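Let's take a walk through this structure together, starting with its open spaces and then turning to the elements around them. Keep the 3D view at hand as you read.

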Amino acid sequence: MAGTDPIHQFVITDIFELFTLGGDGTEGSGITFTFTNSALFMVLTVATIVAFLLLTTSGRKLVPTRAQLTAELLYEFVAGMVRSSAGTAGMKFFPLVFSLFTFIFVANMFGMVPYFFTVTSHIIVTFALSMLVFITVIVYGFIKNGPKFLKLFVPAGVPGYILPIVTPIEVISFLSRPISLSVRLFGNILAGHITLKVFTGFMVMMIASLGALGWAASILPLSMAIAITGLEFLVGTVQAYVFAVLTCMYLNDAIHPSH
């Protein structure tokens, strides 16, 4: 069943136990912390990014190599994103945006490798990333602007008699940001991987049940699987970009709460 079950690829499994807090020593008591396949691929994602940046920037040259040029283009791409969405003042958050973009992008690309685990297909991971952005916006917004940060919920130019209606809408919209940010990334990755698994499962079942006829009949699901695979690479890249752009826009609200 694991070979054709489209949900099996998202199952989190324990690799080894780390430690247990509390309990009386009997099995099942206390809180057990384990190293899972999800944690493994998050570590691999971070290690890949660090290794890439170290290898491409350790021997910088005036005339860059292809590897160095790739790293510089990645830097300028994210830096341009930050400047265009949050202004020059937003560059203080460049490390955060760069880390989020590269982590999501590499994690999504890892998820396209057969038998690898897609960490961004779990809402707990995407929600944690969204809450990191949300808390950063709130903390920095109040540190930089003080009570003036609350102007974010009072749009400029709105008549006073409409504010009792507009302000609650702005508050609800603000509080829903981590939910929409996390669900957008999680939903797109999850749906794409399930669809791809379904079409490849069709192909396997046709070949197994129909023999030679199944090989001919599997051409259509194979073609769809190839097309969806290409689309998934595009979606993985776009979702990393969208997450980073929205992060920049939310950070801009913390820098310039008046709008």
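**Pockets and the helices around them**

Begin with the lining of the largest pocket, whose residues divide into eleven nonpolar, nine polar and one charged. Bear in mind that you are looking at a predicted model. The space in this largest pocket comes to about 640 Å³. It is lined by 21 residues, and the closest to its centre are Q9, V113, P114, Y115 and K197. If you colour the model by secondary structure, you can follow which elements contribute: α1, α6 (177-210) and α8 (219-255) each give two or more residues to the lining of the largest pocket. The largest share of that lining, four residues, belongs to α6.

Now move to the second largest pocket, with a volume of about 210 Å³. Its lining is made up of 13 residues, and F52, L74, T102, F105 and V106 lie nearest its centre. Here the elements that supply two or more residues are α1, α2 and α3, and the largest share, six residues, comes from α3. Which classes of residue make up the lining of the second largest pocket? There are ten nonpolar and three polar residues, and no charged ones.

Helix α1 spans residues 37-57, which is 21 residues. From its first C-alpha to its last it reaches 30 Å, close to the 30 Å expected at 1.5 Å a residue.

Which residues of α1 are buried? They are N37, S38, A39, F41, T45, I49 and T56. As a reminder for reading such a list, an α-helix has 3.6 residues a turn, so residues three or four places apart point the same way.

Finally, bring in the database record. In an unreviewed UniProt entry, the annotation "transmembrane region" covers residues 39-56, 93-117, 123-143, 194-216 and 222-251. Over residues 39-56, the chain in this model is 100% helix and 0% strand, with the end C-alpha atoms 26 Å apart. Residues 222-251 likewise come out as 100% helix and 0% strand, and their end C-alpha atoms are 43 Å apart.

Conventions: Residues numbered from 1 in each chain as written. Predicted model: local features only at pLDDT ≥ 70, side-chain atom pairs only at ≥ 80, totals over all residues. Heavy atoms only, no water. Expected span 1.5 Å × (residues − 1). Buried < 20%, exposed > 50% of the residue type's maximum accessible area, 1.4 Å probe, protein only. UniProt positions renumbered as here; feature names shortened; annotations may be inferred. 1 Å grid on protein atoms, 1.4 Å probe; cavity = no way out; pocket = protein on both sides within 12 Å on 5 of 7 lines; lining within 4 Å. Points joined across faces, edges and corners; volume = space filled by probe spheres on them. Nonpolar A, V, L, I, M, F, W, Y, C, P; charged D, E, K, R; others polar.
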